[in-house]
Amino acid sequence: MPAITREEVAHLALLSRLDLSEDELAHYAEQLDVILGSVARVSQAVQQLGQGQDIPPTSHALPLVNVTRPDVEQPCLDPADVLSQAPAAQDQRFRVPRILGED
Amino acid sequence: MSFDGDLTRSTAAALAAAIKGGDVTAAEVTQAHLDRIAKVDEKVHAFLHVDTEGALAKAAEVDAKRARGEQLGPLAGVPLALKDVFTTKGVPTTCGSKMLQGWVPPYDATVTRRLREADVVILGKTNMDEFAMGSSTENSAYGVTHNPWDLSRIPGGSGGGSSASLAAFEAPLAIGTDTGGSIRQPASVTGTVGVKPTYGGVSRYGLVAFSSSLDQGGPCARTVLDAALLHAAIAGHDPMDSTSIDLPVPDVVGAAKLADVKGMRIGVVKQFDGDGYQDGVRQRFHESVDLLRELGATIVEVDCPSFDYALPAYYLIAPSECSSNLARFDAMRYGLRVGDDGVNGVEEVTSLSREAGFGPEVKRRIMLGTYALSSGYYDAYYGSAQQVRTLIMRDFDRAFADVDVLVSPTTPTTAFKIGERADDPMAMYLADLCTIPSNMAGNAGMSIPVGLAPEDGLPVGLQIIAPAMADDRLYRVGSAVEAALNGKWGRPLIQEVPSL
C-alpha cells in the first residue's frame with residue numbers, strides 16, 4: 001500500500017515537532033516505506049483470521065475504569081524542586097519562549 | 001568475614017540470609033559490588049550512573065537496623081541495578097536519551113519507593129535503548145552495553161544494562177521494563193532470568209512511559225527464586241497508577257520453592273518454531289520440552305494463528321502510543337531546550353529541542369505512530385492492529401482453556417554482533433517475535449536459561465507464558481526446569497560466563 005513520499009515525511013516531521021535535516025528526510029522516507037510495507041499485513045490478517053466476522057478493536061488488555069480519590073488535600077511536590085529542573089524559570093514559574101506572533 | 005565464597009557470585013537469597021545471620025554486613029556486600037563495578041564496567045558499560053554514596057548510606061542503614069535488633073525484610077541489604085527509566089529522587093534519570101541529560105527527578109517511582117522500603121540497596125541506573133525503544137541497547141545516547149558472554153555482542157534490549165549487570169556479577173538483582181520483550185529478550189541472550197509480570201501487576205507510576213497499554217516493569221535476576229523475591233517486593237496495587245490491579249499478588253515465592261510441574265498441562269506454540277529460528281535455539285528449546293515431559297508435565301501443541309501478525313500489529317500500536325506519550329517532551333518544563341534565543345517562538349524551540357534531543361529510533365517511531373494515527377490511514381493501520389490485538393487475546397483464551405502455561409523460545413537467535421542489525425530496523429524488530437503477544441494480551445511471561453547453543457556457545461532462553469494474574473505458574477515451571485538443569489550441569493549456567 002504505502003510508498004510514502006518525502007513530502008509526506010516532511011509533513012509528519014512537522015506534526016511530530018521534529019526539525020529534521022534534508023538528509024534525515026530522505027533517510028526516513030526510505031525506512032518508513034519499508035516498515036509500513038511490512039506492517040500493512042495487519043489489515044489482511046483481520047480479513048483472513050476474522051473469517052468475515054466483525055472483530056472489535058482492543059485498545060487495552062484491561063477493562064479501564066476511571067480512578068478517583070476523596071477530595072482531600074495531600075502533600076505535593078515542592079515548587080523549588082520542580083523548578084530546579086526547568087530549562088528556565090522566573091518568579092516561581094516556568095519561563096517559556098514567545099508564544100504569540102510578532103504582529 | 002565469615003561468608004563462604006565470592007559475594008558477587010552469590011544469590012540474592014543467600015546474601016540476604018548471610019546479612020540477617022550476621023555472617024556479613026550489608027556494607028561489605030555493597031562495597032564488594034561497587035568494587036566489581038569499578039573493575040569491570042569499563043568493559044561492559046552496564047551502568048549510566050553509579051550512586052556510590054546512596055548505596056553505602058542505605059547499606060549502613062540496614063546494618064544499623066540489624067544492630068538495633070529490628071526485623072529485616074527478605075531482601076534487606078541486597079544490591080540492585082535499576083533501569084534508568086524509573087524515576088529516582090535526587091539521582092539522575094536519563095532513559096538513555098540526551099533529552100533528559102542531567103535531569104534529576106523530584107520524586108521516586110513507586111517501584112523505586114518499594115525497593116527503598118524493602119531495604120534493597122540501589123547501586124545505580126542501568127543503560128538502555130533510548131526511551132526503551134530497541135532490542136540491543138545500541139540506541140542509547142550514551143554508548144552501547146556489551147554482553148559479558150562475548151563483549152563483541154549485544155546484551156539484548158531495551159534493558160541491556162540490567163541484564164549485563166547480572167551476567168557480569170555487578171549486581172545479583174536488577175529491574176527492567178518490558179513493552180515488547182525488553183526484560184525477557186535481554187535475559188535470554190545473557191543467560192539470566194527475566195519476568196514480565198501481568199500487566200497492572202507492578203505499578204507504572206514514575207516509569208517514564210513509552211507505550212502505556214504495553215509497558216510493564218518487572219524483576220531480573222540470576223535465579224528463579226531471586227526473581228520471585230524481587231517480584232514480591234515490587235508488585236501490588238498502587239493508587240497512583242490507574243491501571244494497577246487491585247488484587248492480591250500471586251504467591252510467586254511459594255511457587256519458586258515448589259519447583260514441580262507434575263500434572264501440569266503445557267502448550268507448545270506451533271507458530272514459534274521452524275524457519276527463522278537458529279538451529280541451536282531450536283535444539284535447546286526441544287530439549288526443554290522433553291525435560292518438562294520427563295518431569296511429569298503433559299505436552300500439548302497449541303495453534304495460535306494470530307501470533308504470526310503480532311509483530312506488525314505491535315509496530316503500529318507501540319509507535320502510535322509512543323508518538324502521543326513523547327509529546328510531553330516539549331522543552332518547556334524539564335529536559336533539553338535548545339534554540340531559545342529570544343527570537344524563536346515556542347514551536348520552533350520545541351522542534352529544535354526534539355530534533356537535538358531524540359535519537360534516530362525514537363524519531364522513526366514517533367513519525368511511524370503519527371502516520372498510523374493520521375486520518376485516512378487510521379483504520380487501515382492502527383484500527384487493524386487493534387483488531388489483531390483482539391484476535392491475539394482470543395487465541396490466548398482458547399489456549400489457556402486447555403493448558404496451564406505456554407512455552408516457546410524467548411527469541412529466535414542468540415546474541416547478535418554489535419552493529420549487525422543497527423541499519424536494518426525490520427531485522428532488529430524480529431528479536432521480539434515471540435515475546436510481543438504477551439504484551440498485547442497483558443498476561444505474564446518469563447525467560448530462563450536452558451543452555452548454550454552448540455554453534456556459538458551463547459545462552460538460549462526458554463519463554464514461559466501464563467494467564468493474567470497467574471504469575472505464580474511461571475515460577476513453578478521456571479524453578480522446576482532450573483533445578484533439573486542445575487542437577488544435570490552440576491552448577492548454574494551463569495557460572496560459565498568468561499571472566500572479565
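These notebook entries record what I looked up in a predicted model with chains A and B.

**Entry 1. The interface of the two chains**

I began with the contact between the chains. I found 55 residues of chain A in contact with 70 residues of chain B.

**Entry 2. Ser16(A)**

I next turned to Ser16(A), which I located in the loop between helix H1 (6–15) and helix H2 (22–39) of chain A. Is Ser16(A) buried or exposed? Its relative accessible area is 4%, and residues under 20% count as buried, so Ser16(A) is buried. I listed its neighbours, leaving aside residues up to four places away in sequence: Ser16(A) touches Arg354(B), Ile366(B), Met367(B) and Thr370(B).

**Entry 3. Two helices of chain B**

Two packed helices are described by the angle between their axes and the distance between the axes. I looked up both for helix H2 (residues 26–44) and helix H3 (residues 52–67) of chain B: their axes come within 8 Å and cross at roughly 160 degrees. Because of this angle, H2(B) is roughly antiparallel to H3(B). I recorded the crossing of H2(B) past H3(B) as right-handed. On H2(B) the contact is made by Ala26(B), Ala27(B), Thr30(B), Gln31(B) and Leu34(B), and on H3(B) by Thr52(B), Ala55(B), Leu56(B), Ala59(B), Val62(B) and Asp63(B). I sorted the residues of this contact into 7 nonpolar, 3 polar and 1 charged.

**Entry 4. Backbone angles**

I then searched for exceptions to a general rule. Most residues other than glycine have a negative phi, and most peptide bonds are trans.

- Gln51(A) is not a glycine, yet its phi is positive, near 50 degrees. I found Gln51(A) in the loop between helix H3 (41–50) and helix H4 (79–83) of chain A, and it counts as exposed at 68% relative accessibility.
- Asp91(A) has a positive phi of about 50 degrees. I placed Asp91(A) in the loop between strand E1 (89–90) and strand E2 (93–94) of chain A; at 60% relative accessibility it counts as exposed.
- The peptide bond from Gly157(B) to Ser158(B) is cis, with omega near 10 degrees. I found Ser158(B) in the loop between strand E3 (121–126) and helix H5 (160–167) of chain B.

Note on methods
Residues numbered from 1 in each chain as written. Chains lettered and ligands numbered in written order. Predicted model: local features only at pLDDT ≥ 70, side-chain atom pairs only at ≥ 80, totals over all residues. Heavy atoms only, no water. Helix = DSSP H or I, 4+ residues; strand = E, 2+ residues; numbered from the N terminus. Buried < 20%, exposed > 50% of the residue type's maximum accessible area, 1.4 Å probe, protein only. Contact = heavy atoms within 4.5 Å. Axes fitted to C-alpha atoms, helices over the stretch in contact; angles between N-to-C directions. Parallel < 35°, antiparallel > 145°, perpendicular 65-115°, else oblique. Left-handed = near helix turned anticlockwise from the far one by under 90°. Nonpolar A, V, L, I, M, F, W, Y, C, P; charged D, E, K, R; others polar.
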